[in-house]
Amino acid sequence: MKRNPTREVKIGTIKVGNGHSIAVQSMCATKTRDIDATVSQANALHTAGADVVRIAVDNKPDVEALKEIRKQTKANLVVDLQESYRLAADLAPHVDKIRYNPGHLHHFEREKSVHEKVKFLVGVCHDHGIAMRIGVNCGSTDPDMIAKYGHDNNEAIVQSALMHVDLVEKFAFTNFVVSIKDSDPKKVIAANSRFAEIRPDIPLHLGVTEAGMPPDGIIKTRIAFEQLISQGIGDTLRVSLTVPNPRKPEEIEAGKSIIADIAAGRFRSVPKNFGEGLNIISCPSCSRVENEKFVELAEEVKRLTAYAAAHKLTIAVMGCRVNGPGETDDADLGLWCGPSHVNLKRKTEEVGTYSYEEIIPQLKEKLDELIAVRA
Ligand code: SF4
């Protein structure tokens with residue numbers, strides 16, 4: 001396949017970029033502190049062919065668990081840091097890569113500049129010889145970039161990624177990849193194409209975030225990957241699916257099958273009217289998920305809203321408070337989970353907080369109101 005001339009990045013036992021095979025990744029959805037469950041899931045993903053397995057780490061107990069998990073799996077491990085960037089120093093000896101989110105670097109230690117925080121992260125990765133991912137997400141874009149380029153502007157996420165690339169390179173570090181993700185495949189195509197046009201040398205990790213449940217989640221991801229990979233863009237990827245934990249290896253199977261199809265020139269057309277009606281986006285869940293009922297809730301939302309399939313509305317279902325509030329802002333109706341309650345939003349407006357039993361009828365009521373208003 002035609003590939004962009006990206007530079008080589010080493011992640012544990014594998015290399016990406018510079019013509020190496022496209023690596024397929026996934027992420028554990030178990031509680032990181034549940035060592036047995038996380039080891040078992042990391043090993044299941046590894047056995048399914050995952051080149052890299054990501055694990056969320058948010059606090060010291062997670063770090064301690066990660067050290068034990070490292071001993072019990074051969075998978076290449078990447079840790080996902082959102083706000084607690086300082087944990088990188090404790091984690092680095094035990095992992096192969098660190099992912100940070102530029103949009104979340106603002107929340108901790110506000111007295112410090114982003115510049116200082118990135119310098120710290122680069123120092124840690126450099127000293128331990130591990131890789132880094134600058135992982136930009138549309139729902140948690142750097143506030144300075146939103147102010148400069150406007151909300152929902154593709155340019156804001158692309159420029160955020162480029163600014164962090166400049167910062168990391170200023171500290172003479174090159175063992176990194178970039179990702180720019182959104183839940184809309186069209187935006188993923190636009191943002192990654194634009195970034196690759198400006199920096200074709202930087203390896204890109206591709207993904208449609210919150211793609212949702214199969215088969216729609218796989219179709220949305222395939223739409224983006226077919227367009228990007230066929231242009232030579234993409235060195236690693238993940239298919240994010242909302243599925244119960246035992247089915248997580250399906251993310252690897254889906255990723256490998258999309259790559260094989262593109263390599264063989266088998267481009268799939270999408271079902272008639274796909275993407276024209278109701279769009280349900282949902283996160284794939286991870287260690288941060290606040291209630292085990294999350295996947296069931298997402299499935300229930302899909303079942304309940306089937307009657308509204310023809311209406312062009314977006315419903316977002318998110319698993320936690322870290323990304324839930326931001327990633328639901330663009331949805332017509334957004335749900336994000338707390339430990340015992342679910343928060344319901346209409347775009348950025350907070351509608352209320354409901355128990356897991358109450359939320360479905362509440363959602364139906366608000367959905368009917370929206371449909372009536374539009375009619
Ligand atoms: S929204 Fe929260 S639970 Fe879902 S994948 Fe993102 S961080 Fe994990």
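**Close-up views of a predicted model**

**View 1. Surroundings of the ligand.** The shell around the ligand comprises seven nonpolar residues, four polar ones and one charged (Ala, Val, Leu, Ile, Met, Phe, Trp, Tyr, Cys and Pro count as nonpolar, Asp, Glu, Lys and Arg as charged, and the others, Gly among them, as polar). Among the residues surrounding the ligand are Cys-283, Cys-286, Arg-288, Met-318, Cys-320 and Asn-323. This is a predicted model, in which local features need pLDDT of at least 70 and side-chain atom pairs count only at pLDDT 80 or more, while totals for chains, interfaces and linings use all residues. Residues are numbered from 1 along each chain as its sequence is written.

**View 2. The two domains.** An automatic or database domain assignment divides the protein into domain 1 (9-263) and domain 2 (279-374). Their centres, taken over C-alpha atoms, are separated by 25 Å. Contact (C-beta atoms, placed from the backbone, within 7 Å) involves 22 residues of domain 1 and 21 residues of domain 2. On the side of domain 1 that touches domain 2 there are nine nonpolar, nine polar and four charged residues.

View 3. Five of the five residues of strand E3 (residues 23-27) are buried, so the strand is largely enclosed by the rest of the structure (buried: 20 or more other C-beta atoms within 10 Å of the residue's own, with C-beta atoms placed from the backbone; strands: DSSP runs of at least two residues, E, numbered from the N terminus). E3 runs parallel to strand E10 (residues 236-238), joined by three bridges, and Val-24 has Leu-237 of E10 as its bridge partner.

Methods: Near = placed C-beta within 6 Å. Contact = placed C-beta atoms within 7 Å. Buried ≥ 20, exposed ≤ 12 C-beta atoms within 10 Å, placed from the backbone. Helix = DSSP H or I, 4+ residues; strand = E, 2+ residues; numbered from the N terminus. Pairing = 2+ DSSP bridges.
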